[in-house]
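Hi,

Here is the structure I promised to pass on.

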Amino acid sequence: LMENLINTFVSDYLEYKITCTSGSGSSMNEFMPVPKSEEATTEILLSNIEIQDKEKQEYKIEFRYVSKENENQSDDMGKTIKGNLKISEHVKSKSLAFFESKFNDAVKREEDNAPFDKIITEAKYYYEDGKYTEDGNKVYYYAGGVEDNWVQFGENANGDKLYWRIIRMNEDESIRLLYAGTGPDKQDGYITDIGNNGQIAYNSNYAHATYAGFMYSLGDTLFDIRKNEEPSLIKSELDKWYINNLETNYDKYISKTAIYCNDRSTQTGWLHNEEMYYNAYTKFVTNTSDNTKNHPAFKCGVDGLGNVNSDSKGVERVKDMFSVSEASGGNGDFEKPIGLLTADEITYAGGVYGVNINYNENAYYYRNSLGNSSTGTYFWWTMTPYFRKGSDKGARVFRSGGSSVPGDLAAAGVNDTRGVARPVISLKSCVEFEGSGIASNPYTVVEIDDDSKCALAEN
């Protein structure tokens with residue numbers, strides 16, 4: 001922890017890194033921005049370190065300011081950072097306790113002889129950690145044809161109950177949910193362009209790589225487009241849906257620290273006005289059959305080997321990590337805590353890239369309780385960029401299929417109006433559950449008071 005932290009630096013170039021120098025403790029893989037605050041606050045810098053009885057661990061913490069030769073950094077002159085470092089015991093959250101008991105037999109997918117170039121159809125329970133998650137935190141997740149990850153949470157503006165599927169546990173111990181509609185047996189698990197009475201494009205513009213951004217800015221460099229000044233069309237519609245259906249009565253249950261990854265990193269570097277491939281394209285298309293390079297990640301901006309891409313070091317990687325709060329390392333650029341699934345999360349859940357090849361109608365993210373598509377015939381968008389085509393400079397984003405291509409993972413141009421959006425939210429780590437998770441007895445959240453500790457917490 002850093003107690004009484006005051007950090008008035010304007011930019012995110014003031015960074016820190018914590019490394020275990022003796023013992024079997026955890027280390028950060030890279031430098032992260034120091035949380036900013038004008039008033040004294042307490043921030044968690046590293047968490048989930050396990051220390052065995054009588055074990056000794058030693059740590060080193062480094063602070064640095066990143067100098068940018070071609071950028072005016074004068075706004076940071078004369079700014080202040082101060083605070084007190086402290087080690088504090090971490091008590092397991094209610095969601096972590098729930099998941100650990102639920103996933104007693106969970107293993108890493110590699111240990112189950114289940115490579116990522118093969119679809120998963122059976123019900124499976126896995127975990128990921130190490131270089132493929134933020135700060136190495138353990139993440140439990142569902143895969144294949146699981147039937148016990150149903151959640152009933154919230155009501156829409158018409159008074160219909162809302163149903164969701166648990167995707168995974170986030171690194172901040174909140175629980176990530178994928179919208180599944182107004183009933184387990186329904187095929188309305190999506191939202192459309194409000195006022196358009198139809199489907200929704202990811203973005204209204206197409207002919208520039210920047211439009212693959214969930215938020216974006218105009219420019220001809222990766223640095224420029226990552227300034228996140230404008231919302232995509234699909235983000236604007238998700239925000240409207242959140243305001244209309246969840247904000248008034250259910251916002252107190254929803255995590256503000258959860259991170260939603262819009263991975264704009266590359267493994268080849270930024271290629272202005274040429275055909276350019278984003279990180280996920282290289283992992284899931286180019287390297288589909290190479291299991292040494294196609295590993296998905298919950299950590300934003302890492303390649304198939306778990307290494308951070310060269311154009312996503314430090315602050316640049318954080319620009320793709322969307323969140324409302326910066327407390328867990330996100331960029332704080334969200335106004336509403338709602339996003340979309342990623343291509344990596346679909347791959348973890350049992351999907352594999354390949355149009356008309358890798359259908360997965362058994363996958364929970366595709367089917368409802370009757371075995372039909374949760375979105376009918378419509379495909380639905382992820383928030384993972386695909387590539388920018390050279391001939392027309394068109395931006396493309398990964399998407400998953402409806403009933404005509406069940407459970408596949410492919411891509412579409414961002415201005416394609418045939419798609420729909422499936423909201424993704426995260427329930428706070430302090431939320432408690434009731435129920436068994438099956439469609440006829442879904443998990444429900446235990447009600448919390450408006451002035452309770454959980455209601456007032458960010459997570």
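If you number the bonded cysteines of the protein in sequence order, they pair 1-2, 3-4. Before the details, note that this is a predicted model, where local features need pLDDT of at least 70 and side-chain atom pairs count only at pLDDT 80 or more, while totals for chains, interfaces and linings use all residues. Residues are numbered from 1 along each chain as its sequence is written, and side-chain values use heavy atoms, with hydrogens and water left out.

There are 2 disulfides in the structure (a disulfide being a pair of cysteine sulfur atoms within 2.5 Å). One of them joins cysteine 261 to cysteine 300, with an S to S distance of 2.0 Å. This pair links distant parts of the chain, 39 residues apart: cysteine 261 is in strand 14 (residues 260-261), and cysteine 300 is in the loop between helix 5 (279-286) and helix 6 (315-318). Helices here (H or I, at least four residues) and strands (E, at least two) are DSSP runs, numbered from the N terminus. The torsion about the S-S bond of cysteine 261 and cysteine 300 is about 75 degrees, so this disulfide is right-handed. Cysteine 261 and cysteine 300 are both buried (buried means under 20% relative accessible area, exposed over 50%, partly exposed in between, with a 1.4 Å probe and protein chains only).

The other disulfide is formed by cysteine 430 and cysteine 454, whose sulfur atoms are 2.0 Å apart. It also links distant parts of the chain, 24 residues apart, with cysteine 430 in the loop between strand 21 (424-427) and strand 22 (433-434) and cysteine 454 in helix 8 (residues 453-456). With a torsion of about 80 degrees about the S-S bond, the disulfide of cysteine 430 and cysteine 454 is right-handed. Cysteine 454 has 10% relative accessibility, so it counts as buried. Cysteine 20 is buried, with a relative accessible area of 14%.

Is helix 5 largely enclosed or largely open? Of its 8 residues, 7 are buried, so helix 5 is largely enclosed by the rest of the structure. The buried ones are Asn279, Ala280, Tyr281, Thr282, Lys283, Phe284 and Val285. They pack against strand 15, helix 7 (343-348), strand 17 (379-388) and strand 18 (395-400).

Threonine 266 is in the loop between strand 14 and strand 15 (276-277). At 1% relative accessibility, threonine 266 is buried. Leaving out residues up to four places away in sequence, threonine 266 touches Met276, Tyr277, Tyr278, Asn279, Asn309 and Asp311 (contact means heavy atoms within 4.5 Å). The side chains of threonine 266 and aspartate 311 are joined by a polar contact of 2.7 Å. That term covers a pair of N or O atoms within 3.5 Å; within protein, one must be able to donate a hydrogen and the other to accept it, and residues adjacent in sequence count only if both atoms are side-chain atoms.

**Two positive phi values**

Aspartate 135 is not a glycine, yet its phi is positive, about 60 degrees. It sits in the loop between strand 7 (124-130) and strand 8 (136-143), and at 25% relative accessibility aspartate 135 is partly exposed. Asparagine 228 has a positive phi too, near 55 degrees. Asparagine 228 lies in the loop between helix 2 (222-225) and strand 13 (230-231), and at 7% relative accessibility it is buried.

**Cavities**

The whole structure has 2 cavities of 30 Å³ or more. On a 1 Å grid over the protein atoms alone, a cavity is a set of points where a 1.4 Å probe fits but cannot get out, and lining residues have an atom within 4 Å of a point. Grid points are joined across faces, edges and corners, and a volume is the space filled by probe spheres set on the points.

The largest cavity has a volume of about 50 Å³. Its lining includes Lys283 and Phe284, which are also among the buried residues of helix 5. The second largest cavity holds about 30 Å³ of space, and aspartate 135 is one of its lining residues, along with Glu134, Lys299 and Arg317, among others.

Cheers

Definitions and conventions
On a 1 Å grid over the protein atoms alone, a cavity is a set of points where a 1.4 Å probe fits but cannot get out, and a pocket is an open set with protein on both sides within 12 Å along at least five of seven lines; lining residues have an atom within 4 Å of a point.
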